[in-house]
Amino acid sequence: MNSPINRKAFLRNSIILAGGLAFLPYLSSCSDPTEEASAELAELAETLIPKTHTPGAKDLGLQHFVIKMVEDCGDENQQKVFGQGMVKFKSTFRDQYEVDFLNAKATDRSSFLKQIEDEKFPELSEFYSLVKNLSIRGYTNSKFYMTEVVPYELVPGRYNPFFKIA
Amino acid sequence: MYINNNTVQKDNHYDAIVIGSGISGGWAAKELTEKGLKTLVIERGRNVEHIKDYPTTNMAPYEFEHNLDIPYAVRKENPVISRCYAFREDAMHFFVKDKEHPYIQEKPFDWIRGYQVGGKSLMWARQTQRWSDLDFEGPARDGFAVDWPIRYKDIAPWYSHVEKFVGIAGNRDNIVNLPDGEFLPAYPLNTVEKYFKDQLAANYGDRTVISARCAHLSEPQPIHLEQGRGKCMNRTICQRGCPFGGYFSSNSSTIPWAAKTGNLSMLTDSIAESIIIDEETGKAKGVRVIDANTKKTTEYYAKVVFLNASTINSIAVLLNSKSKAFENGLGNENDLVGKYLAFHNYSARISAQYEGAADFATDGRNPAGGGYIPRFRNVHKQETDFLRGYAAGFNAGRYTYTERNGIGEELKESLDNPKLGGWSVGSHMMGETIPKESNWARLDQSEKDAWGMPQIRISVDYDDNDAKMKADYLDQLSEMFEKAGFTNIRRNESSQAPGLDIHEMGGARMGKDPKTSVLNAFNQVHSCKNVYVTDGACMTSTSSQNPSLTYMALAARAVDHAVNELKKGNI
């Protein structure tokens, strides 16, 4: 269930189920649509949460978290939204910029996501919210974030009911 | 599987057998073994050894495969257990999956179960409030069920006995319907919880919020250290099992304590099929057990049997214990076993915001969960158009949140700098329900489980009294919140089925008259005196307090009685 092979099978199935054969013609260099989709998701997450002086989405492998959560915990509807969204996201981007999201400039990727945020592509908003929310969840629940940004306390050992804010 | 092999008795003969190792069975085992009885505890589930078998206890959120969510396939296959608040990735291994242990819902009933050593004491919410005579006298005063055969004075010393060993954090609040006990220091109310308490005092004479009394070692005493338990470290991930033994469970406390006496044998993965009756004397002589793995049946014998299988499973064991003397099931001559099954009404919540106290927050975590509002309806006399009343949880907290607008560096900057929100307040109702003959659990005539045991058919529903009480809770709490200046008050009426409160009670109720009750004042089956039922099945009424403390006190009291009766040769 957790092997990369099965992860790939999941992604392929959700794309094909979503009518994703249309995905195939867009694939240029990469012969495996699932790898391409995973890479695309990684770039999408990276556009949301980029590497700065601290790790970004790709460093943290957030695409794996997003896929894992949809694959294992999402219901049928969420999986459909995800699968169809992957296809639609790719084709809509290509229509706009005449290049694959994967090969596009970072500024074009950002401008596309901003347009989705501004509801220019309502058909992508559900998919986009799903991926954005899971990317944020993955980021704020990553080991990096929970040890270096906002440390998680496993053993507080205290309760101060009247904590005065400085 | 035998644990403590060195204490196994020859020819399967023991002094006492306890069926079930949960919160009440653990207490029966502790008391019996301390009093020198060679005791066999029969547990249907696997062994869970304190600390060693808490696989998730020290895991950070990011170490869980699904960040604490339950996979969809599991939820889809197990809708009942998936509705339980504590059934999450960190504790899912302690809950029974619907699929593995089917039962029949005549009406929707979410039966939440934990089949392992320690039972649900591992994952319980640890709230421990005493009952008062206003509870024990309730049925007689208000004309429902039957009169309890005991009063507060009968159980008070046993509450003390149990509380000292368990360790209860609480204040002496001097509230008539919530007697004070043997307390460790309470977890104090926070700024806004205290503010609400003051507002209630100003606006109402008879309503208050106290620190919820809970089974946590806020300041361990020698008796707790002797159990190998330490101070609660405020982790509030108790449902995983606590490596400090900071909260009470059979696993951290009573079971290892009983084992230390050298008098405990434990049989795990062993299902109590029935209590065996000696046809000549009409007394119980032992328990017939099915090995959960091999399905082989074995008989174990004892002078006295304690039935602590959990409310509905204890009903099932009684009903399945058919003999010449008890053709209709043990103690079921009057067709009462399984009936008058009741629960707590948890089907309403309310939430709001508070704009004040902006200079204060909390630091660390409160294992008590916050405050407790004792029942204030119909306490001394009937005042409303519904019987009895409700207690309520109340808590306030300030939580951090992150802005999620935008993308890229702007978004990351927001995520990296969480903001402190305002105060949120919330409450949930805990309503007393009226035991009724029409609410029952019984054995199905044809459906069997994987071990050949009849499946249990459950028919329990809310009634008009529950609906009125729920409406009153929402109205009263809204008013109390408004008067305190809380804003954005939201009523939440859930449609949750009975059972999800995990406070099912009754089915073998205590009473004075053998014609109208199953158990007597000492939890003995009226017609079979060497069988004691001291779990939730014994409850004549439900009160609005959390029941586990009362089960423990009744179990300890019943063991004391049983040992004296054995000495006198009466059983």
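**Entry 1**

I began with B:Gln105, which stands opposite B:Ile458 in β20(B). Before going on, I noted that this is a predicted model, where local features need pLDDT of at least 70, side-chain atom pairs count only at pLDDT 80 or more, and totals for chains, interfaces and linings use all residues. Residues are numbered from 1 along each chain as its sequence is written, while chains are lettered from A and ligands numbered from 1 in the order in which they are written.

I also wrote down what the element names stand for: helices (H or I, at least four residues) and strands (E, at least two) are DSSP runs, numbered from the N terminus. Two strands pair if DSSP finds at least two bridges between them.

β4(B) and strand β20 (residues 454-459) of chain B are joined by two bridges and run parallel.

Next I checked what packs on it. Contact here has a simple cut-off: the C-beta atoms of two residues, placed from the backbone, lie within 7 Å.

**Entry 1: a hairpin**

I moved on to another open sheet of three strands, ordered β9-β10-β11 (chain B) and paired antiparallel. β9 (270-277) and β11 (297-301) of chain B are its edges; each has a single partner strand, so one side of each is left without a neighbour in the sheet. Direction ignored, neighbouring strands of this sheet are turned by 30 degrees against each other on average.

Strand β10 (residues 284-291) of chain B pairs with β11(B) over five bridges, in the antiparallel sense. I picked out B:Val287, whose bridge partner in β11(B) is B:Tyr300, and B:Gly286, which stands opposite B:Tyr301 in β11(B). β10(B) and β11(B) form a hairpin with five residues between them, and I found a positive phi of about 65 degrees at B:Lys295 in the turn.

Which residues of helix α11 (residues 408-416) of chain B are buried? I got B:Leu411, B:Lys412 and B:Leu415. They cover an arc of only 95 degrees around the axis, which puts them on the same side of α11(B); the arc is that of the directions from the helix axis to the C-beta atoms. The face turned away from the buried side of α11(B) carries the exposed residues B:Glu410 and B:Glu413. A residue is buried if 20 or more other C-beta atoms, placed from the backbone, lie within 10 Å of its own, exposed if 12 or fewer, and partly exposed in between.

B:Gly426 lies in strand β18 (residues 419-432) of chain B. With 16 other C-beta atoms within 10 Å, B:Gly426 is partly exposed. Leaving out residues up to four places away in sequence, B:Gly426 touches B:Arg349, B:Ser351 and B:Asn395.

**Entry 2: the two chains**

Chain B has 13 helices and 23 strands. I counted 54% of its 571 residues as buried. Chain A has eight helices and one strand, and buried residues make up 39% of its 166 residues.

How many residues of each chain are in contact with the other? I found 37 of chain A and 35 of chain B. β1(A) gives the largest share of the chain A side, six residues. That side divides into 20 nonpolar, nine polar and eight charged residues; Ala, Val, Leu, Ile, Met, Phe, Trp, Tyr, Cys and Pro count as nonpolar, Asp, Glu, Lys and Arg as charged, and the others, Gly among them, as polar.

Four bridges join β1(A) to strand β15 (residues 360-364) of chain B, and the two run antiparallel. A:Tyr159 has B:Gly364 as its bridge partner in β15(B).

Terms used
Axes fitted to C-alpha atoms, helices over the stretch in contact; angles between N-to-C directions.
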